[in-house]
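Dear colleague,

Please read them alongside the model.

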Amino acid sequence: MTCGLYAAGIYVAPSGKDQNPGSRTAPLKTLQAAQQKARLYAGKEPVTVHIADGTYYLPDTLTFTPADSGTEQSPVVYKSVNEGGAIISGGLALNLQWSPISNGIFRAKVPKGVAIDQLFVDGQGQRMARYPNYDPELKAKPYQGYAADAFSKERAQQWKNPAGGFIHAMHAASWGGYHYLITGKDEAGEVTYEGGWQNNRRSAMHKEYRMVENILEELDAPSEWFFDKKSSTLYYMPPEDINLSRAKVEVVRLRHLVELQGSESSPVSHLTFKGFTFRHASRTFMDCKEPLLRSDWAIYRGGAFLLTGTQNINILDCEFNQLGGNAIFVNNYNRHALIKGCHIHDIGASGVCFVGDPEAVHDPLFSYGATNNLANISRQPGPKTNNYPSLSTVEDCLIHEIGRVERQPAGVQISMAMEITVRDCSIYDTARAGINVSEGTWGGHLIERCDVFDTVLETHDHGSFNSWGRDRYWCARNSISQEAVDQEPSLPYLDAFKTTTIRNSRWRCDHGWDIDLDDGSTNYDIYNNLMLRSGIKLREGYRRHVWNNVIPFGNLHPHVWFKRSQDKVTSNIISNGHAAVLMKDLYTDQAEVDRNFFLSFQDRVRQTSVRLGWDEHSLSGDPLFIDAANADFRVQLDSPALGIGFNNFPMDQFGVKKPSLKAIARTPTIPQFRGAMLKPKAPEPVRETMQWLGATLNNIQGQEFSAYGISQEAGGVALVTVDSSSAASKAGFAYRDVIQAVNGKPVRNISELKKSLTITKGKALTFTIVRDQKTIPLNTPALR
């Protein structure tokens, strides 16, 4: 038998033997043996490894190195004979002897050395014993069940030894979540724990949104389990339809199923993986520690499929599910990776991550409050090295049920990367963003023909598309960046030096914004998008060009814009007037918001526009949508919206195209369109204000909470005017300060502030204020 025969095809089947030659009639048994056989021909002639249907439990991570590489002329392909039929598992099947205990709970001894992170019975994931119990009806509630007393001293009295349990808690402002390992109880009976590093905007735990798991005494609901490591005993309460004597029981062993390990100088290249199901990888939330620059994210730099140092790698028509961490992680140097036709679902963390090396960033900072000395930063645009993902694509993928364990995930996450394309993807049911761009480094991304909805389900203040731009030029105190950019207009483009484009996509977010360009996001073109809920937020940043979008239920949310921002918002169809926050003056110098078409009563719309100097040539009326009830928001040929330069774009090209995936993909619910609002609404209620020490104070409402960087639960009172000669200014208060407490007593609104000031009259005071999204104390003498 010649080498050429092997190169034409190597065969693997569960019934094979690794001593076989690997032919069609005498296949190999393991992927490891096939890999060794393929290496004999890799790069010399084309190689295809055919994997027959069956489950292949990996004893260790399957690692590919440059020795496994093909070439453009002689690629190496690993292929499931039938799409989805070859299952690559990081788990282990157990043959257990179950015995009943009481209350529907069974137990079984597990072989020594087996650690259980996740449990699957007859292919379905089961839940660690938890409190409160899981409720599938609470889809958009934290952890599908939460309790303020989750680990209270009183609750812990029921627990003999909670060490090894986990606390999961939301960020105080619901900006993602935290995780903690329970280490035991102290002498007073209080639960002790360690962790809380999974969010880069550190805060206390949310006071209510808490859940504990992996506690034996909380095993009280069907599908719950607990594993006692010391005695190697598994406790389980099966649902009524599970027959344990015949059930298939699987546990998870590996964190990573497949790794490609190369470098820029010696990459793994020209490998294709086609048609596999990747299943069963461990949860990694306690190792999610690395901050991603000044974004809200921390990351675990790994996933079920990990690419490091690769070129021309294809992951095609694969399914990724039942994975405890990230599904696919494209790490540091990678070029021309293609992820296409994949179904990614039921994932503990993110679907696909592209994350580069902080050492490739000029003047990197990692804490939100950190600030560069702008006089000393590098003026070199772009990256310092090539150690980042670029020129890679996620295409025609169905991505859903993302963030089943962690609460700061994304369907697609992009950080310290350049020219990443996300095309023809349907992304929904995510705890946080559908697509997230963590910072401006280095732009050039293309998002097109995507369908992204049902996002930010368990969190707050985010978008179906979310971005930050806390790049080297950006400071939390806007005035610092403003002054520097006025002197040197190129500063915002040092990191975001390529334009990112979002186009021809459909977005819906019911718990934030459809598109949210947050702190500093810069250099975006956004056009031909349909936004089905709240619209688009543009916080301070530079050069965001937004045109020809349809926003039939929401509006533009301009927050805290820089002066001379080079922003343009034109030729859009918008339901309501602009929801501007902390913007009082004209914003017309090197910024343009005009020639838009509004569905709402014109005089009402123009109140904000007149104040800001916008929409002089905008129109309002009925846009004459073709069929809004059936999601066709194109306009008829005689639509007055055409008069402001609007052009129709396709409304039937959003989301996944692959027939097998399109057949099962959900689409967003279309809100009921009630037509143009051509009659005045009832006047809005008058906001409560007060004059104090020569300053004007307001209650905070609506989207202003996001602009001030505080939670609605905490509330506060904002100082909206502070004259420099006022007593308030002399006492240390400043414009945009938010008072949240007086002498430790919370202040959520003006009524509570008045009450606190009355009680403390004539006394020295300590105010808790939020300034530039930092909580600080302000001590004052007795105030009148």
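**Aromatic rings and the charges over them**

Tyr-388 and Trp-442 are both buried, a term that stands for under 20% relative accessible area, with exposed meaning over 50% and partly exposed in between (1.4 Å probe, protein chains only). Please bear in mind that this is a predicted model, in which local features need pLDDT of at least 70 and side-chain atom pairs count only at pLDDT 80 or more, while totals for chains, interfaces and linings use all residues. Residues are numbered from 1 along each chain as its sequence is written, and side-chain values use heavy atoms, with hydrogens and water left out.

Rings of Phe, Tyr and Trp (its six-membered ring) are taken as a pair if their centres lie within 6.5 Å, and the pair is stacked with planes under 30 degrees apart, edge-to-face over 60 and tilted for the rest. Under this rule there are 34 aromatic pairs. One of them joins Phe-226 and Tyr-235, whose centres are 6.5 Å apart and whose planes meet at 40°, so this pair is tilted. Phe-226 is buried at a relative accessible area of 12%, and Tyr-235 is buried at 14%. Tyr-388 and Trp-442 also make a tilted pair, because their ring centres are 4.9 Å apart with the planes at 50°.

Phe-64, Tyr-78, Phe-273, Phe-276, Phe-278, Phe-305 and Phe-320 together form one aromatic cluster.

A charge sits over a ring if NZ of Lys or CZ of Arg is within 6 Å of the ring centre and within 35 degrees of the ring normal. Arg-201 lies over the face of Tyr-368, 3.7 Å from the ring centre, and Lys-289 lies over the face of Trp-197, at 4.4 Å.
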